[in-house]
Each structure stands twice: as structure tokens, then as C-alpha cells.
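Here is a short briefing on the structure shown below. Start with the sheets, then turn to the symmetry and to selected residues.

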Protein chains: 2
Amino acid sequence: MVNIAVLGYGTVGSGVVEVLRTNQESIDNKAGEHINLKYVLDLREFPGDYIENVLVHDYDVILKDEDVKVVVEVMGGVNPAYSFVKSALLAGKSVCTSNKELVAKHGAELLAIAAEHKANFFFEASVGGGIPIIRPLNQSLTADEILEISGILNGTTNFILTKMDKEGVSYEEVLKEAQKLGYAERNPEADVEGYDACRKIAILSSLACGKQVDYEDIYTEGITKLTDLDFMYAKEMGLTIKLIGSAKKTGNRFSAMVSPKLISNEHPLAGVNGVMNAIFVKGNVLGDVMFYGAGAGKLPTASAVVSDVVDAVRHLGENVETKWSQEKLELIPHDEVCSNFFVRIKGSLDRLPEIEEKFGTVDTISITEGEFGFITGMMSEKAYADAAASTEGIISMIRYEK
Amino acid sequence: MVNIAVLGYGTVGSGVVEVLRTNQESIDNKAGEHINLKYVLDLREFPGDYIENVLVHDYDVILKDEDVKVVVEVMGGVNPAYSFVKSALLAGKSVCTSNKELVAKHGAELLAIAAEHKANFFFEASVGGGIPIIRPLNQSLTADEILEISGILNGTTNFILTKMDKEGVSYEEVLKEAQKLGYAERNPEADVEGYDACRKIAILSSLACGKQVDYEDIYTEGITKLTDLDFMYAKEMGLTIKLIGSAKKTGNRFSAMVSPKLISNEHPLAGVNGVMNAIFVKGNVLGDVMFYGAGAGKLPTASAVVSDVVDAVRHLGENVETKWSQEKLELIPHDEVCSNFFVRIKGSLDRLPEIEEKFGTVDTISITEGEFGFITGMMSEKAYADAAASTEGIISMIRYEK
């Protein structure tokens with residue numbers, strides 16, 4: 001029997017308890033040990049709830065109990081999660097977490113502490129909810145140099161963009177619906193401004209390169225400026241718009257970015273709709289693979305957390321190495337990153353000579369009065385910004401992933 | 001340093017050597033040891049080739065060399081692969097294979113021998129080429145009861161069906177093109193009759209239920225009878241046709257089948273086109289996940305084999321448990337398996353009363369003269385077969401996965 005404790009009895013925490021109860025027998029069988037829920041930590045009371053008798057309010061009870069071998073951290077936020085997790089690992093307990101902020105900020109340090117103490121720090125649920133991606137990156141894609149990871153990493157924004165694409169409704173209207181359905185928070189900033197996706201691509205980038213990628217260094221642009229007209233242009237070009245978090249290797253350097261991107265309808269990510277997430281990985285020998293599933297939600301996320309618990313129980317007293325050192329990786333400066341740019345601009349095609357003088361050869365598209373669109377060749381962010389600064393009447397710009 | 005031997009220097013074998021050479025440094029880093037190619041076994045000579053100096057013709061040289069810790073079997077076919085692999089495992093060497101026939105037929109036995117001898121038998125490349133699916137099933141989806149695994153498991157047939165769907169060309173025409181491009185063998189039977197997909201779903205089913213599913217027990221139907229008119233009906237109904245290998249849990253029993261299926265364009269598998277493969281998994285708490293990528297090809301397959309080698313080197317002297325016992329699983333008899341059936345039949349809609357009397361309430365569709373189509377409600381294979389046997393003029397039947 002292995003005793004575990006769950007920190008936080010919110011959505012994911014209660015999901016973890018539910019998954020353990022629902023599949024106890026098969027989970028125990030796969031772990032090779034009976035997994036016993038000894039404690040749940042929460043500041044609140046839950047009278048009458050299943051966990052009533054294992055509920056504690058003081059973390060020290062868990063920390064000091066040597067029988068607790070695995071701690072599940074599903075409180076979210078950096079504090080006090082960070083100090084709880086660190087002290088658990090220092091005490092030789094393994095930790096499984098769904099906390100992307102914690103992992104993005106302190107993952108490398110916590111992995112190092114876990115290794116020193118022959119324990120494990122697992123975080124499958126921190127990216128892509130129930131989609132297996134962290135363990136496959138660490139243990140399956142080991143024959144490859146990872147050249148690119150691009151993902152639809154946030155279900156809220158993907159729900160909004162899918163509705164805008166399929167039903168031609170405005171951003172504001174869909175956001176309201178998403179809030180009503182519980183897919184978007186009342187304050188949706190973390191989702192719609194791309195901050196959530198940014199934490200997740202920081203984690204994936206760090207695992208791809210084995211070094212620390214700070215999320216603060218990742219250029220991040222949200223979806224709040226997209227309009228129904230942008231989607232009409234996209235449709236006309238056989239493209240769709242997705243919020244993509246991506247990391248790419250160019251030579252020996254990495255770039256990373258979160259932004260809306262125009263992608264071909266033939267791209268594997270184009271068919272990922274609604275609240276679903278997917279992570280696309282390109283290896284230098286493997287080629288393209290993609291992992292698809294529910295990127296959030298109580299039970300899918302809890303399923304990923306519990307799969308980490310099983311792995312932690314299988315490896316008690318033994319560290320499973322994850323390559324992610326604390327050495328900071330300097331990303332390619334955003335100015336130097338190259339893209340194709342789709343630009344909407346006021347006026348008519350008569351402006352083409354002026355535009356091509358500034359942006360080089362472009363492809364144009366015209367679908368409505370008073371404005372038109374053009375797609376540049378590959379150019380750096382700086383070259384684009386310089387050209388755009390000296391051009392009158394630019395309405396909007398979306399990067400285009402060919 | 002860990003010495004390995006590669007059995008068979010064909011497409012996959014030479015790919016394995018190429019992957020090791022291309023990414024030697026990062027592979028060694030991930031394995032924690034230098035991986036040294038000590039032998040390649042092949043009956044042929046390869047004068048001037050990189051492997052010329054490590055080439056041997058006698059398997060005993062490899063078997064008797066105690067320095068060889070990992071054997072890569074990429075010869076294909078059951079014999080002599082089976083005796084080579086078995087003797088390697090009995091000698092305590094780990095084995096990594098891409099050989100689906102071997103795994104489907106002897107996987108459970110070879111896993112047991114590996115466990116007894118503190119070695120490993122890994123076979124990531126045997127299903128889905130480069131797509132990580134075996135390791136995720138064993139190590140990531142451990143919190144779930146697997147309710148369904150459905151996959152596009154054969155690239156040749158998916159290439160043919162995609163062409164028929166998108167370009168409206170006939171089966172015979174596309175098969176010729178696929179043969180010219182090297183996607184289909186001169187004798188395409190193993191692919192087009194579904195035998196290859198059958199081996200693969202047998203492996204996945206066995207892993208999902210932890211027991212032996214014999215491929216001979218799996219009802220298997222190929223794509224040779226599909227016509228361009230079938231695809232016209234599909235298009236009209238907003239569906240597409242894919243060759244699907246699937247295993248499903250009903251109560252405590254499993255069914256398994258390989259057959260062409262009509263699926264909705266919204267289904268994640270519908271967007272899997274050309275030679276790509278994908279495996280869709282439904283867990284009881286996780287919901288739906290899908291794994292997508294190149295299902296064949298020299299380098300993707302070799303990438304999966306080498307990822308197994310890395311895992312084998314990480315676990316020298318230690319068995320990684322795979323739940324797949326030799327106990328045979330009795331599948332639900334094919335007669336009892338339930339589906340919706342899409343049927344094309346001669347005549348006009350005047351025949352509806354007669355049809356509904358035999359098949360129950362149906363939906364009809366009419367797109368051409370002299371025939372029409374109908375979709376039944378859920379009914380068993382036996383009920384369908386009985387009804388069909390007493391009905392004149394049935395042209396074709398395709399199962400419909402709602």
C-alpha cells in the first residue's frame with residue numbers, strides 16, 4: 001500500500017479523488033500497489049463529503065507523515081504551492097502537479113531537487129489537460145532532435161475561434177457565450193490574451209531543448225483583436241485562424257511565440273475544434289506527429305494527474321530523469337524571428353506599388369469595399385514592423401504559417 | 001557504453017543505423033550511455049557500406065556475445081525472427097522490434113520471457129510506425145479503463161481511400177498509382193484486404209485488455225469492393241469512408257473488427273489523410289485522445305525503434321512491466337456485434353415498406369437512378385445478415401460509425 005495526499009479539493013482535486021475511486025482496482029493493478037488516499041488538504045470544510053475523514057487544514061501533518069510517499073499538488077498558483085512542493089521533494093516525497101504556473105516558473109529547480117532526493121516531480125497535466133504529451137516527449141521521442149512544437153494549448157480561445165470561424169459571429173458575442181457555458185472566466189484575460197498558452201509553450205520549449213525557457217521572454221499576443229472579417233479573408237484563402245503556441249529550432253537556436261496564426265485547412269491543427277487541444281511535434285527523423293484531446297476539464301485533467309501518481313508509485317525511491325536544466329536558454333530575439341504576414345489595409349489595389357516597395361513582393365486578396373489584404377514573403381518581425389510603421393491605413397496583421 | 005546488434009539491414013534496419021548516426025550525440029545523452037552498433041546481421045553482403053565492418057551472417061555470434069545487451073529485430077516475418085528474439089531474451093538481452101506479425105502472434109509469451117530474465121521486449125514501431133502509441137498506452141493512460149481504440153492503421157489503404165474521396169477516382173486506378181509511388185506492394189493483399197491493420201488492432205486490443213487477443217479471431221474486411229459511387233453517397237451525407245481497426249469494450253467484454261466505416265467529417269479520424277495514420281483512444285475518465293503521424297516509412301519507423309533502444313538502455317537489468325498475459329480473451333462473437341449499416345440497393349424508394357419490415361426504421365438517400373441507399377438503426381451483424389439474405393438487389397454495405 002502506498003499513501004498519497006492531495007493538496008487542494010477544487011475542480012481538479014475532487015476529480016483526482018473521483019478518478020481514484022472510479023478506477024481504483026485497475027489503477028492499483030497498474031501501479032502494482034494499492035494507492036490509499038490518506039489526506040486531502042484544503043482550508044475549507046466539506047461536511048458529508050467522501051473526503052471528510054481525511055481532510056486536514058495544516059500542510060505540516062502531511063509533510064511530517066513519513067508514510068505519505070506521493071503528494072498531488074492541484075491548488076494552482078505559485079504560492080504556497082511552490083513551498084509545499086519544494087518541502088515535499090526535500091523530504092523525499094514524489095510530487096504530481098497540474099500547476100502550469102509552478103512548472104513554468106520553478107520546474108527545472110524542482111526537477112533537480114527531486115533527482116537529488118531520489119523522488120520524482122511529474123507534471124503531465126500541466127500542458128494539454130488529459131493529452132499525454134510530457135511523458136511522450138521525455139520517453140518516446142528520444143531518438144529525435146525536436147525541430148518544432150506547435151500547439152493549440154488553450155481550450156477557451158479555441159472554442160471562441162472555432163465559433164467565429166464556423167458561425168461568423170463576433171468575438172464579443174462568442175466570448176459572452178463561452179462565459180455563460182463556463183468555458184471562459186468572468187475575467188478572461190489569462191486565456192484570451194494568451195498568457196495561459198504562454199506558460200504551456202514555455203514548459204514544452206524547456207523540455208524540447210533541455211534548458212530553462214522563461215515565459216517572460218516569449219512574445220505573446222492574444223485573440224481579442226480578431227474580427228469576423230479576418231475569418232472571411234481566411235475562408236476565402238482556404239485558411240483558418242488558430243491561437244498557436246510554438247517553439248522552433250533554427251540552427252542551434254530556438255524561437256518561441258504565442259499568437260493567432262493563419263494556417264492551411266490541410267494542417268493537422270486546423271481540424272482541432274471547440275475546446276479540444278492538440279500538440280504538433282516535428283522531429284528531425286520522425287517527421288510530424290500530433291497529440292489530440294481534451295485540454296482541460298475536471299476528469300481529463302485528473303486522469304493525467306493520476307497517471308503521474310501511478311508512475312510515481314512504480315518508481316518509489318528512484319528518479320526518472322527529465323532533461324530540463326536550470327541553465328537559461330536565450331531565445332532568438334523576437335525582432336529576428338521570420339514569418340509571412342497577412343495584412344489588411346485601407347484603400348484599393350492601386351496601392352500595390354507603394355506596398356511592394358516597402359514589403360517586397362506580396363500576394364493580394366480583395367473581398368470587400370474600401371480595403372484589401374496582402375500576404376508578404378518571409379520577413380523578420382523588425383523588417384515587418386519598420387515597413388508597417390511607414391505605411392498608412394494598416395487595419396490588422398495576422399502571421400501566416402505556410 | 002552499451003553494445004547493440006541490428007538483425008536485418010533492409011528498409012527499417014538501415015533506417016535504424018541512419019537514425020543512430022544522425023542523432024548519436026543526443027541519443028547517447030538521453031540514454032545516459034554511448035550506444036555502440038556492434039553487429040548488423042544480414043545474409044547479404046554490403047561492400048563499401050558503413051556497416052561493412054560490423055556485418056555478420058551468423059546469429060550465434062550475436063547471441064553468444066555477452067557484451068551485446070540490446071538486440072533490434074527488424075527482419076519482419078515470424079520465422080526466424082521468433083526463434084532469434086526468444087533466444088536473445090532467454091540470454092537476458094533486451095529486444096526492440098518493429099515486427100507486427102511477431103508481436104501479434106507471440107507478444108504475450110515474449111513479454112513473459114523478458115520479465116523472467118530481467119530484460120525488456122519493446123515494440124513501439126509495430127503499430128503506427130513513428131507514432132508513440134504503445135508506450136503511452138502502457139505508461140500514460142494508466143488512470144483509465146480503455147473503452148475504445150479505433151485507428152487508421154494502414155497508410156497504403158488510407159492513401160487509396162483519400163484519393164478516392166478527394167478526387168473521385170476508382171479503386172483500381174488509385175491502386176495502380178499507389179504501386180507506382182511505392183506506397184503499395186505489387187501484391188497488395190496484406191494491405192488492401194485489411195490483414196496488416198488486423199495484426200495491429202490485435203496488438204492494441206491485447207494491450208487495452210491485458211490479455212491475448214488472437215488476430216485470427218478478428219473479423220476483417222478490406223477496401224477492394226469500395227467504389228466511387230460509395231464515396232458520392234458518403235459526401236452527400238457529410239461523411240467519409242476510412243478503413244478502421246477498432247476494439248470496443250461493452251460491459252466486461254471486448255469486440256474487435258477491421259472494416260471500412262462511414263464516419264462523420266467531424267470525427268477526429270476523418271481529417272487523417274494520405275499515408276498518415278492515427279489512433280483514437282477513449283478512456284472512461286479521460287474521454288477522447290488521438291495520436292497522429294506517419295504510420296510507416298523508413299525513418300519514422302526507425303525513430304520509434306531507436307526510442308525503444310533508448311528505453312532498453314535506460315532499464316538494463318530491470319523489466320518494465322507490460323500488462324499483456326498469455327490468457328486468451330474471448331471476443332464478443334462477430335454475430336452479436338452491433339452497428340448501423342449503410343446499404344445500397346437496386347430499385348426505387350417504393351421499396352421502403354418492404355425494407356423497413358426487414359431492417360426496422362431506416363433513413364434513405366437517393367443520388368442516382370436505379371438504386372438508393374438506406375441507413376439502419378443499431379442492429380447485430382446476425383440480424384443484418386439475416387435481413388440482407390432475404391432482400392433482393394443489395395449492391396453493397398458499409399458500416400456506419402455514428
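**Sheet pairing in chain B**

Val71(B) has Val95(B) as its bridge partner in β5(B). The model is predicted. The points below cover the sheet of each chain, the relation between the copies, an annotated domain and one lysine.

**Sheet of chain B**

- Strands β4 (residues 68–73) and β5 (residues 94–97) of chain B pair in the parallel sense, over four bridges.
- The sheet in chain B is open and has six strands, with parallel pairing. Their order is β3-β2-β1-β4-β5-β6.
- In chain B, β3 (55–56) and β6 (121–122) are the edge strands. Each of them pairs on one side only.
- As background, the strands of a sheet pair through backbone hydrogen bonds, either parallel or antiparallel.

**Sheet of chain A**

- Chain A has an open sheet of six strands in the order β3-β2-β1-β4-β5-β6, with parallel pairing.
- Its edge strands are β3 (55–56) and β6 (121–122) of chain A, and each pairs on one side only.
- Helix α4 (residues 81–90) of chain A packs on the sheet. Helix α4 of chain A touches β1, β2, β4 (68–73), β5 (94–97) and β6 of chain A. The direction of this helix makes about 150° with that of β5(A).
- Six bridges join strand β1 (residues 2–7) and strand β2 (residues 35–41) of chain A in the parallel sense.
- Ile4(A) has Leu37(A) as its bridge partner in β2(A).

**Relation of the two copies**

- Chain B superposes on chain A by a rotation of 180° with 0.0 Å of shift along the axis, at an RMSD of 0.0 Å.
- The two copies are therefore related as by a two-fold rotation axis.
- Among the residues of chain B, Phe291(B) comes closest to the rotation axis, with its C-alpha at 2.4 Å.
- The copies meet through the same surface, because 100% of the interface residues of chain B are also interface residues in chain A.

**Annotated domain in chain A**

- An unreviewed UniProt entry lists residues 132–310 of chain A as "domain: Homoserine dehydrogenase catalytic".
- Over residues 132–310 of chain A, the chain is 40% helix and 27% strand. The end C-alpha atoms are 14 Å apart.

**Lys105(B)**

- Lys105(B) lies in helix α5 (residues 100–116) of chain B.
- Beyond residues up to four places away in sequence, Lys105(B) touches Val78(B), Gln212(B), Tyr215(B) and Glu216(B).
- Lys105(B) and Arg253(B) are 148 residues apart in sequence. In space they are 21 Å apart, C-alpha to C-alpha.

Definitions and conventions
Residues are numbered from 1 along each chain as its sequence is written. Chains are lettered from A and ligands numbered from 1 in the order in which they are written. This is a predicted model: local features need pLDDT of at least 70, side-chain atom pairs count only at pLDDT 80 or more; totals for chains, interfaces and linings use all residues. Side-chain values use heavy atoms; hydrogens and water are left out. Two strands pair if DSSP finds at least two bridges between them. Helices (H or I, at least four residues) and strands (E, at least two) are DSSP runs, numbered from the N terminus. Contact means heavy atoms within 4.5 Å. Axes are lines fitted to C-alpha atoms, for helices over the stretch in contact, and angles run from 0 to 180 degrees between N-to-C directions. Copies are superposed by least squares on the C-alpha atoms of residues with pLDDT of at least 70 in both. UniProt positions are given in the numbering used here, feature names are shortened, and annotations may be inferred rather than shown by experiment.
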